[in-house]
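Hi everyone, thanks for coming. Have the sequence and the model open while I talk, and stop me if a word is new.

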Amino acid sequence: GAMQTRLDGNQRAMNRAAASAMGQSGDDLSEGVFLSAKKGIGSEFERLQQITKPELGNDFLSALAKIDADNIAKGSFRSKPVDTLVDKGIDLAAQGKLTGKAYKEIRTQLTNDAEAAFRSGDASLGQAIKTVRKALDDAAKSSLSKADQEAWDTTRAQWMAYKQLTRSNVAEGGNVSAARLAAGIHHRVLQHQG
């Protein structure tokens, strides 16, 4: 009776919170909710990437300089792939402004390269690539209007929620499993610390 009603209410609240984090509404997390979230987030990213025109100025160059300085500090353990990354970044910065299409393609390549570096055990390169990607993202965001910058932040947060909820396989029968969500978050925290 009363206990089940309370449990059902808590489950609906957790489901609503998870759906809301992905930019959706509703009391359950069916496949349709996930598909709608993915489509909505993707559509907004596409819109923002069409209008961004990242200018790779001093902030981008400062990120490259820090990567280079950290690599040089390793002396004989200096990473040649990190040197190559810095050189590519400087060449890219020399172009000045990128189109939204170029930004999207370069960002995708950087994401793939970072994942490959981490999988192969080269954490120094993986982290350097993530730093370049963040500097590129910051340049893309700063080229947008204030309203679109807010939309950018919202869409990124929704994408992170979507990834967490789908990677952790937290929904079963339309309901969020608190235990699976906690385990997934714990696993992600440990990955970032390692």
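**A walk around helix α7**

Let's start with T166, which is partly exposed because its relative accessible area is 33%; buried means under 20%, exposed over 50%, and partly exposed in between, with a 1.4 Å probe and protein chains only. Before going on, please keep in mind that this is a predicted model, where local features need pLDDT of at least 70 and side-chain atom pairs count only at pLDDT 80 or more, while totals for chains, interfaces and linings use all residues. Residues are numbered from 1 along each chain as its sequence is written, and side-chain values use heavy atoms, with hydrogens and water left out.

So where is T166? You'll find T166 in helix α7, residues 146–167. Helices here are DSSP runs of H or I with at least four residues, numbered from the N terminus. The T166 side chain reaches the backbone oxygen of K163 at 3.3 Å. Now look at F34: in sequence, F34 and T166 are 132 residues apart, yet C-alpha to C-alpha they sit 8.2 Å apart in space.

Next up, the helix pair. Helix α2 (residues 31–51) packs with α7 at an angle of about 145°, and the axes are 10 Å apart. Those axes are lines fitted to C-alpha atoms over the stretch in contact, and angles run from 0 to 180 degrees between N-to-C directions. Who makes the contact (heavy atoms within 4.5 Å)? On the α2 side we have residues including F34, I41 and L48, and on the α7 side, W152, W159 and T166 are among them.

Now for the rings. Rings of Phe, Tyr and Trp (its six-membered ring) pair if their centres lie within 6.5 Å; planes under 30 degrees apart are stacked, over 60 edge-to-face, and the rest tilted. That rule gives three aromatic pairs. Y103 and W152 make a tilted one, 6.1 Å centre to centre with 40° between the planes. Since Y103 lies in helix α5 (residues 100–119) and W152 in helix α7, the pair ties together parts that are 49 residues apart in sequence. Y103 is buried at 0% relative accessible area, and W152 is buried too, at 4%. F34, W159 and Y162 form one aromatic cluster.

Last stop: T52, in the loop between α2 and α3 (58–72). Is T52 buried or exposed? Buried, with a relative accessible area of 0%. Leaving aside neighbours within four places in sequence, T52 is in contact with residues including Y103 and S143.

That's my tour, thanks!

Key. Helices (H or I, at least four residues) and strands (E, at least two) are DSSP runs, numbered from the N terminus. A polar contact is a pair of N or O atoms within 3.5 Å; within protein, one must be able to donate a hydrogen and the other to accept it, and residues adjacent in sequence count only if both atoms are side-chain atoms. Contact means heavy atoms within 4.5 Å.
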